[in-house]
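Morning, everyone. Let me put one structure on the screen and walk you through it.

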Amino acid sequence: MSTTHLPLAPDAPFATGGAPRRFNRRLTVVGSVVGLHVAAVWALQTGLLHRAAEMVIPEVLMAELIEPPKPLATPVPAPAPPTPVAKPQARPRPAPAPAPQPQPVPLPVQSEPSPIAPAVSPPEPAPVAAAPAPPAPPAPPAPPAPPAQPAVVQPIVNADYLNNPAPVYPSIAQRLRQEGRVLLRVLIEPDGRASRVEVLQTSGFQVLDQTAVAAVKRWRFVPGKRGGTPEAMWAQVPLEFKLDR
């Protein structure tokens with residue numbers, strides 16, 4: 001760095017003496033300071049100071065070379081084995097066709113005329129079998145048999161068998177010589193009594209009919225039975241009035 005000295009004018013009032021010297025010294029100092037500042041500003045603007053600092057403190061730069069990763073080796077596929085090429089087979093040559101041999105020509109044979117065969121009529125078609133009849137529907141079940149009727153036994157009205165007394169011949173009928181046959185219809189109860197007596201056929205005389213009814217009402221009978229059980233039944237009882245000769 002250079003120092004600038006300001007020249008003093010020869011006609012300055014303080015060019016001589018002690019006071020002028022101190023003034024010049026101060027002026028010199030001030031000028032120097034100003035000059036230094038100006039020089040510093042200039043150095044900053046021009047970058048000279050910065051280059052000086054760079055030159056004083058060299059920077060150490062560490063550099064490391066980084067090698068790029070090596071590409072992975074790609075496995076190379078093994079070459080495919082060559083495909084065997086089928087050899088063209090030689091086609092067998094067709095055998096030559098044999099030459100046609102001359103065939104003997106048959107001579108016409110004169111045969112005797114054969115008798116004319118009788119015409120055979122075609123067989124008559126067999127009758128077509130009739131289609132089987134459909135199965136008959138099952139027979140309906142037989143109705144249940146009616147219950148057996150219980151056996152009926154008619155009442156016994158024989159007077160001689162039962163020892164019933166004969167009716168008394170009315171005296172008036174005897175004097176008048178009245179005779180006749182009376183047929184009565186009698187309802188016989190299970191206990192053998194005659195609960196009802198009716199004249200089914202008259203004798204022709206009222207007195208004889210009434211006598212017959214009165215006598216039968218007192219008789220006892222063997223009741224009729226149905227299935228072995230006595231029950232009331234109607235029966236016919238004949239009575240005959242006849243005089244001795």
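Start at the hairpin made by S2 and S3, with five residues between the two strands. In its turn, Gly-192 has a positive phi of about 95°. Before going on, a word on the source. This is a predicted model, where local features need pLDDT of at least 70 and side-chain atom pairs count only at pLDDT 80 or more, while totals for chains, interfaces and linings use all residues. Residues are numbered from 1 along each chain as its sequence is written, and side-chain values use heavy atoms, with hydrogens and water left out.

S2 covers residues 180-188, S3 covers residues 194-201, and they pair in the antiparallel sense over six bridges. Pairing here takes at least two DSSP bridges between two strands. Helices (H or I, at least four residues) and strands (E, at least two) are DSSP runs, numbered from the N terminus. Leu-187 stands opposite Arg-196 in S3.

Which residue forms a salt bridge with Glu-198? Arg-185 does, with the closest N and O atoms 3.5 Å apart. That pair links distant parts of the chain: Glu-198 sits in strand S3, Arg-185 in strand S2, 13 residues apart. The rule asks for a side-chain nitrogen of Lys or Arg within 4 Å of a carboxyl oxygen of Asp or Glu. By this rule, the count is four salt bridges.

Next, the open sheet. Three strands run in the order S1-S4-S5, with antiparallel pairing. S1 (152-153) and S5 (229-230) stand at the edges with a single partner strand each, so one side of each is left without a neighbour in the sheet. S1 pairs with S4 (residues 225-226) over two bridges. Val-152 stands opposite Arg-226 in S4.

Last, the aromatics. The whole structure holds two aromatic pairs (ring centres within 6.5 Å; planes under 30 degrees apart are stacked, over 60 edge-to-face, the rest tilted). Tyr-169 and Phe-241 form an edge-to-face pair, 5.5 Å centre to centre, with 85° between the planes. Tyr-169 is in the loop between H3 (159-162) and H4 (171-175), and Phe-241 is in strand S6 (residues 233-241), 72 residues apart.

Technical notes. Rings of Phe, Tyr and Trp (its six-membered ring) pair if their centres lie within 6.5 Å; planes under 30 degrees apart count as stacked, over 60 as edge-to-face and the rest as tilted.
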